[in-house]
Amino acid sequence: MVLGIVFLTIGALIKEAYILHDTVTGSMILEEMMEKVRYSRDGSENLRYYEQNGEKLGSPRLWLGDYDLDLGINERIIEGNARAGKWILHMEMKSFEPAAFLRRTEALLEMGYDQNGN
């Protein structure tokens, strides 16, 4: 009886470890593909390529099954949805705007200087 309980507990822990692995790696794959879209120069033209690449990296999940990835670009926001079994994740990121970043960096540098230029 004790061995039965021990084996069932170990089996449940292994199942939970597989689910945790699937959800963490699935979210990392989604974030990686969104970052690639965010910094790519062609943007939405190559969106399907990044979706297929992410699905290939994510399938099959150890416990949750097939991995499905959907990416979209809406007015300076990149959206991503990942699904595997009953697990669903939605992420949003702002688009990368290097010109705005450089202007803000220059403004911060100018604000940091005093009258002596230090």
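Q: What does contact mean in this model?
A: Contact means heavy atoms within 4.5 Å. The model is predicted: local features need pLDDT of at least 70 and side-chain atom pairs pLDDT 80 or more, while totals for chains, interfaces and linings use all residues. Numbering runs from 1 along each chain as its sequence is written, and side-chain values use heavy atoms, without hydrogens or water.

Q: Which elements do the buried residues of α2 pack against?
A: Helices (H or I, at least four residues) and strands (E, at least two) are DSSP runs numbered from the N terminus. Buried means under 20% relative accessible area, exposed over 50%, partly exposed in between (1.4 Å probe, protein chains only). In α2 the buried residues are Leu 47, Tyr 50, Glu 51, Asn 53, Gly 54, Glu 55 and Gly 58. They pack against α1 and β1.

Q: How many residues does α2 have, and what is its span?
A: The expected span is 1.5 Å times one less than the number of residues. α2 has 12 residues and reaches 17 Å from first C-alpha to last, close to the expected 16 Å. Now take α1: with 38 residues, α1 reaches 56 Å, close to the 56 Å expected.

Q: Which residues of α1 are buried?
A: An α-helix has 3.6 residues a turn, so residues three or four places apart point the same way. In α1 the buried set is Asp 22, Thr 23, Gly 26, Ser 27, Ile 29, Leu 30, Met 33, Met 34 and Val 37. These residues pack against α2, β1, β2 and β3.

Q: Which members of the largest nonpolar core touch the most other members?
A: A nonpolar core joins buried Ala, Val, Leu, Ile, Met, Phe, Trp, Tyr and Cys through side-chain atoms within 4.5 Å. The largest one here has 17 residues, and Leu 30, Met 34, Tyr 67, Leu 69 and Leu 71 touch the most other members. α1 (2-39), α2 (47-58), β1 (67-74), β2 (77-84) and β3 (87-94) each supply at least two residues. α1 gives the most, with 5.

Q: Which residues is Leu 71 in contact with?
A: Leave aside neighbours within four places in sequence. Leu 71 then contacts Leu 30, Met 33, Met 34, Val 37, Leu 47, Tyr 50, Glu 51, Glu 79 and Gly 80.

Q: In what order do the strands form the sheet?
A: Two strands pair if DSSP finds at least two bridges between them. Here 3 strands form an open, antiparallel sheet in the order β1-β2-β3. β1 and β3 stand at the edges with a single partner strand each, so one side of each has no neighbour in the sheet. The twist averages 15° from one strand to the next. Between β2 and β3 there are 8 bridges. Asn 81 stands opposite His 90 in β3.

Q: Where does Phe 96 lie?
A: Phe 96 is in the loop between β3 and α3 (98-112). Phe 96 counts as partly exposed because its relative accessibility is 36%. Neighbours within four places aside, Phe 96 is in contact with Arg 38 and Tyr 39. Its C-alpha is 9.2 Å from that of Ser 40, 56 residues apart along the chain.

Q: Is Tyr 50 buried or exposed?
A: Tyr 50 counts as buried because its relative accessibility is 11%. Tyr 49, at 47%, counts as partly exposed.

Technical notes. Axes fitted to C-alpha atoms, helices over the stretch in contact; angles between N-to-C directions.
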